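Here are my notes on the model you sent.

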Amino acid sequence: MRADGDPNLTVYFGGEYVRLGDAKVGILTHALHYGTGVFEGIRAHWDENARELYLLRAREHYERWKRNCGILRINVPGAEELCAITLELMRRNGFKTNVYVRPLAYKSAERVGVSPDDEDAFSLIALPFGDYLHAEKGLHAGVSSWRRVEDNAIPARAKICGAYVNSALASDEARRCGFDEAIFLNESGHVAEGATCNIFMMRRGKLITPPVTENVLEGITRESVMELAHAELGLKIVERPIDRSELYVCDELFFTGTAVGVAPIVRVDHRGVGDGEIGATTRKVQQLYFDATHGHLKDYRKWLTPVYHVGTEAWLDRSLLAL
Ligand code: PMP
């Protein structure tokens, strides 16, 4: 889906809360020409019963962001300060719906010349956001003819703006070929990930995903799903290279990501995955992930930050009842 920004939304830009319509950068900005920025994507889920908005794993996202900004020598504040700005931003916008937060740090000097200097800036944008992919019936994914960027070209483990040309090319190709999403192979010919999501495969009772050394983003949803599947379903999780042809013979497949959540794949390259229906384990993981991210599972509330606190009492009551 597209999430077009209403110009009247409040965003954090240049150290202030301003209207989105007033948050502008100059045409010579370094990052605009050379892709020298690092972004993040964080979700917040609205719970109508609790009348509360739950920000999901914000600390982990901001810690990843700060570490990855270091690759480009961009400085951003610590997670605590960024979480506080994010909460204030949500409250100023008064969101009562699902939200996507887009932090963006970038080389901000306005001049020509690729070699970056120490001038950088960051902004935080929060937008109402629904489903990114419509995966209710399962997705049809296609292996891309574009290969995933190599770590020693542009590191895929960080959300570096310029690297998303790679994702944009693969997404565009996939959609024009009639697929819902692309699957990247890396230069070794192994499965890496989707254009904007990590990938998991069920094969012979094990949940398998490529290791972080296969040119993938070190996904926070990937980590959450591994924790949930192991702790709640007792599944054995294996991080190992995946061959392309394993996509055609495995039992189940799904994507994970902040925007997509847990998205089942039922066809790859016009071949049915398993029996061609959403897999039973995939459904369980999907439900667990939904429950954990919406405050329904006590053990995973550590992942959530309530934005308004009005739901706190209901939350405490419910957790006490569950004891
Ligand atoms: N891979 C890529 C290329 C991505 O852009 C994303 C989205 N951030 C992911 C994987 C999933 O990462 P996360 O679960 O941290 O959102």
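Predicted model: local features only at pLDDT ≥ 70, side-chain atom pairs only at ≥ 80, totals over all residues.

The points below take the ligand first, then the pocket, then the cavity.

1. Residues around the ligand. The ligand has 16 residues around it, and those that come nearest are Lys 159, Tyr 164, Glu 193, Thr 221 and Thr 258. Sorted by class, this shell holds seven polar, five nonpolar and four charged residues.

2. Tyr 164 has a side-chain N or O atom 2.5 Å from an oxygen atom of the ligand. For Thr 221, a polar side-chain atom is likewise 2.5 Å from a ligand oxygen. Ile 220 takes part through its backbone, where a polar atom is 2.8 Å from an oxygen atom of the ligand.

3. Burial of the ligand. On its own, the ligand would expose 380 Å², and the protein buries 97% of that area. Two elements give two or more residues each to the shell around the ligand: helix H5, spanning 220–233, and strand E14, spanning 252–257.

4. The ligand takes up the space of the largest pocket, whose volume is about 950 Å³. The pocket is lined by 38 residues, and Phe 39, Tyr 100, Arg 102, Tyr 132 and Thr 196 are the closest to its centre. By class, the lining consists of 18 nonpolar, twelve polar and eight charged residues.

5. Elements in the pocket lining. Helix H4 (164–176) is among the elements that supply at least two residues, and H4 provides the largest share, five residues. The others that supply at least two are helix H2 (58–69), strands E6 (99–107), E7 (120–128) and E10 (191–194), and also H5 and E14.

6. The cavity. How many cavities of 30 Å³ or more does a search of the whole structure find? The search finds one. The largest cavity holds about 60 Å³ of space. Its lining is made up of Arg 43, Leu 56, Arg 57, His 61, Ile 220, Thr 221, Ser 224, Thr 258 and Tyr 289. These divide into four polar, three nonpolar and two charged residues.

7. H5, the ligand and the cavity. H5 gives the most to the cavity lining, with three residues. H5 also gives two or more residues to the ligand shell. Thr 221 and Thr 258 line the cavity and are among the residues that come nearest to the ligand. Ile 220, with its backbone contact to a ligand oxygen at 2.8 Å, is in the cavity lining too.

Key. Residues numbered from 1 in each chain as written. Heavy atoms only, no water. Near = heavy atom within 4 Å. Polar contact = N/O pair within 3.5 Å; in protein donor to acceptor, adjacent residues only side chain to side chain. Areas by Shrake-Rupley, 256 points an atom, 1.4 Å probe, with all protein chains shown as cover. 1 Å grid on protein atoms, 1.4 Å probe; cavity = no way out; pocket = protein on both sides within 12 Å on 5 of 7 lines; lining within 4 Å. Sits in = over half its atoms within 2 Å of the grid points. Helix = DSSP H or I, 4+ residues; strand = E, 2+ residues; numbered from the N terminus. Nonpolar A, V, L, I, M, F, W, Y, C, P; charged D, E, K, R; others polar. Points joined across faces, edges and corners; volume = space filled by probe spheres on them.
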